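I opened the model today to look things up in it. These are my notes, in the order in which I made them.

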Amino acid sequence: MSDTALDITLTVNGETVSERVDARKTLVDFLREDLALTGSHVGCEHGVCGTCTVRVNGDIVRGCLMLAVQCDGATVETVEGLSDSGEIADLQAAFEQRNALQCGYCTPGMLATAQDLLKRAQASRQVPSRDEIREHLSGNYCRCTGYHAIVDAVEAVALARVGGEQ
Amino acid sequence: MKITDDSPPVLTALDRPNSYIGRSVPRPNLKRLTQGRGQYVSDVALPRMAHVAFVRSPHAHARIVSIATEAAKKSRGVIAVVTGAELAKVMTPWVGVLTHLKGLKSAPQYAIAVERACWQGEAVCAVVARTRAEAEDGCELVDVTYEPLPAVVDPETALDPGTPVIHPSIVDNLCFERKLDVGAVDKAFAESDAVVETTFVCGRHTGVTNEPRACVADWNEGEQRMTVYHGTQAPHMMQDLFAKHLGLVHTQVRVLTKDVGGSFGIKVHTYADEMATVALSKLLKRPVKFVADRLESFVTDIHARDHRIKAKIGVKNDGTITAFEIDDLTGIGPYSVYPRTSGIEANQVVNLVGGPYTCPNYRAQARVVFTNKNVMCQYRAVGHPIAVAVTEGLVEQAAAKIGMDPLELRRRNLIADDAYPTQSAAGLKFEKLSHHEALAHLDSMMNYAGLRAEQARYRAQGIHRGIGFASFIEVTNPSAAFYGVGGARITSQDGATVKLDAQGAVVVQTGVTEQGQGAEAVVAQCVASSFGVPIDKVRVITGDTDNTPYGGGTWASRAAGIGGEASWQAGKALRANVLAVAGAMLQAKPEDLDIRNGVVVDKATGNERLPLEELARVAYFRPDTLPAGIQAELMVTRHYVPRAWPFAFTNGIQASYLEVDTDTGFVKLLKHWCVEDCGTIINPQLVDEQIRGGVVQGIGAALFEQCLYDERGQMLNGTMADYLVPMAVEMPDIECGHVVSPTADSELGAKGAGEAGTAGAPASVMNAINDALRPLGAATLTDMPFTPEKILRALGKV
């Protein structure tokens, strides 16, 4: 039952947000329903499909496996924030150019997961292999593309980002 | 990998000066989606919107004795609790039959079960509340008393005299039966040098769209109109059905389809819970939203492919295939799904087996029976993956039996490329296919000889790799022969309306829909090319029954071939109208003018004469300056439906290269190839991505996906943790190749490409696994999905 509601304050895409939320409400439902950030999607609600992937305190998490009340004091970033800041502009452009999305429903989560890998690649100055890209994306379900185009897009961005620094 | 975004066009009459036909232009709607700014039905929120959740039967078959709703009605936030009997006063039931599938029968199905629940997951009561969570709270308080009834779960015994009949009103558990006997089958088998007889099993699986089914129904009591935001493939079909079963007329129903999170045939059917949502909105006079959760999806999204096929092939020592014979049995759940029916899949299997080959002798039987499991219906590549697995599985087993290379055996039996027009033993009419050219292309693309040598080298090291093939044909661009002739109000024609706006840009409204496959891009390419503007001057509107021409939407690989042609013709018609105005303005003959890159030019010299923006300004704001008698018609509509052929068949061949770990039974996919022929290629990138996505969906069926049921009709793996889908790490890179045999039925010549990948992938993977294991003396694997356990059993290791 939803008798218990708590007040939380957190930073979402750079904005401070204070809301009263049901204790049982997941982070992704909070983002979608309370903040109208509908770019984060709900696919399986049990942590398998990765569609609800968002960034909390810099780490990618499943928005369906975390409660909103656990995010009190946290910094949350969604695809809307990642888009508006320009952080993933090159990755988005590669997805568009390579048609690495069809229905687009998995895309926000896929981009967040790919950006996580790309940041590590930049830090280590190592371009991930196609197998490593596939491995890293394997918590994100895409029914449309067959993944090949997504791997191409992520690989191209990795080469551009890391290659550009070498 | 370097991204290249264009392929050199191979053009004919379609090669207008600024043609986009054959170019990989990016889809116009992608930025919205990459930024998370799409609008899926799941995202829709309306004033006063309520949410519905359903109490669903935990039994496969049960009489509903009583439903106590008082406690739920008092639950916080609950607005209404509605049973099937109450909802039946608002919405009539339906029966999923088609007259051209002779003898097909089914029983009336209600939006919410009345008296009996016939599968685990069927809705028996609706709870409407302020939020979905509160609606689910209410569901927990609904007390349903069931009297469990015997469940029919095994298709093999569904027709036995001792098996209970699910619907007493329709005599037995037989939904549909078809028999076919062509040529001299018995004689052909008797004259064969080798006969292979085996049984294929395709696992029941489902679409697992990333966005579950969703609709928001908004009945406006003041307007007496229903607006349904619906994640569907066929808005006009749904408009007709909502109207029919609510007692409304079409003008009272508007279906809006914006972004849809994956469809694949899952979202082209009538779902009881969606019909209930629409009826609830009418009942409650306010918007009601339903979004299936993942568990609901697994037990209510249509399932497909649950077939057992006894099959037989005869072959001569020279490789000539003498005969095919199949006996197909499929259990489709308790109802034939409305309005497309659940007889089509088995009918397709009968139609398609043996389809690529010249063999004239073919006997088939298919029986479609009712069971108390979730309903089955048409899912991407309807029947094709089954028929191709049967045909190609038989072909490769026959090749092995007579010691012939599997590609060579195909070369000796595939219909010759110069034999068209022709037809198959089952009577399918082929305008123009290219089996041999496709096979030759595949052979060189994959370096078949080199791969065989590599396979042998690995074999010597105890590493067991396999190569498997699948030739296939695919039904695309369906005419009215698919559904219309059977009485279903599902249109096969489609339309496009194009308008020159007041700034010289073009707005297109079309009846085909965007499910992510790129229909909007294809339509924009066609209009931009035939009219003559840069593609960024074309805006495409889809998915709105108030504002698009009447059309069928997206199914059976029809959007590009049919919607594309309508768009192409509409663009041409608008060009003629614009040039008539331009001729009057420029005192030139319209036939001496053309539109190129958004400018009216002299056709002969290409010299610019008049920007479209200027023409539009005059036509809309200063028509008084045009000569008398000149009325600018800057909005035109054209429709198209294939007439010369009932279907535009396509063809192709796939190959799988994989490695089997004989200790663990795991299969590692190394590479996959597909060469297909979808006629004129409008957008090479989109075609390739349809192929790749389709291949992976087929691989899922071959290796992972199955809806498992126990003997009580309970689905055992209705979560994504238990029902396995292909993820990135298990999938191979997929190389695509093309042969181009345009259809002469349309000016564009495009056939469909959406299902070819799914059609051939399971068979090629199956054949590759058996190719890897055959030298080890393993039993031939024919029971999909090929799990590690089945592979180890075939090897005799468990």
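**Entry 1: the two chains**

I looked up the contact between the chains and found that 50 residues of chain B touch 49 residues of chain A. Two residues are in contact if their C-beta atoms, placed from the backbone, lie within 7 Å. The model is a predicted one, in which local features need pLDDT of at least 70 and side-chain atom pairs count only at pLDDT 80 or more, while totals for chains, interfaces and linings use all residues. Residues are numbered from 1 along each chain as its sequence is written, and chains are lettered from A and ligands numbered from 1 in the order in which they are written.

Which helices of chain B supply at least two residues each to the side that touches chain A? I noted α1 (30-34), α4 (132-141) and α17 (684-703). Of these, α17(B) has the largest share, seven residues. Helices (H or I, at least four residues) and strands (E, at least two) are DSSP runs, numbered from the N terminus.

I then sorted this side of chain B by class and got 21 nonpolar, 15 polar and 14 charged residues. Ala, Val, Leu, Ile, Met, Phe, Trp, Tyr, Cys and Pro count as nonpolar, Asp, Glu, Lys and Arg as charged, and the others, Gly among them, as polar.

**Entry 2: the domains of chain A**

Chain A has domain 1 (5-82) and domain 2 (88-165), with bounds from an automatic or database domain assignment. Taken over C-alpha atoms, the centres of these two domains of chain A are 22 Å apart. Their contact takes 14 residues from domain 1 of chain A and 13 residues from domain 2 of chain A.

On the domain 1 side, I found that β3 (53-56) and α2 (79-85) of chain A supply at least two residues each. β3(A) gives the most, three residues. By class, this side of domain 1 has six nonpolar, seven polar and one charged residues.

I followed β24 (residues 593-596) of chain B into β25 (residues 599-602) of chain B; the two run antiparallel and are joined by four bridges. Two strands pair if DSSP finds at least two bridges between them. B:Arg596 has B:Val599 in β25(B) as its bridge partner. The hairpin of β24(B) and β25(B) has two residues between the strands, and B:Asn597 takes a positive phi near 55 degrees there.

β25(B) also runs antiparallel to β26 (residues 608-611) of chain B, with three bridges. B:Val600 stands opposite B:Leu610 in β26(B). This hairpin has five residues between its strands, and B:Gly606 in the turn has a positive phi of about 80 degrees.

**Entry 3: backbone angles in loops of chain B**

I looked up cis peptide bonds next. The bond from B:Tyr420 to B:Pro421 is cis, with omega near 0 degrees, and B:Pro421 lies in the loop between α11 (406-411) and β18 (422-423) of chain B. The bond from B:Met784 to B:Pro785 is also cis, with omega near 0 degrees.

Is B:Val208 buried or exposed? B:Val208 is buried, because 25 other C-beta atoms lie within 10 Å; the cut-offs are 20 or more for buried, 12 or fewer for exposed, and partly exposed in between, with C-beta atoms placed from the backbone. Phi of B:Val208, a residue other than glycine, is positive, near 45 degrees. B:Phe264 has a positive phi near 60 degrees, and with 28 C-beta neighbours inside 10 Å B:Phe264 counts as buried.
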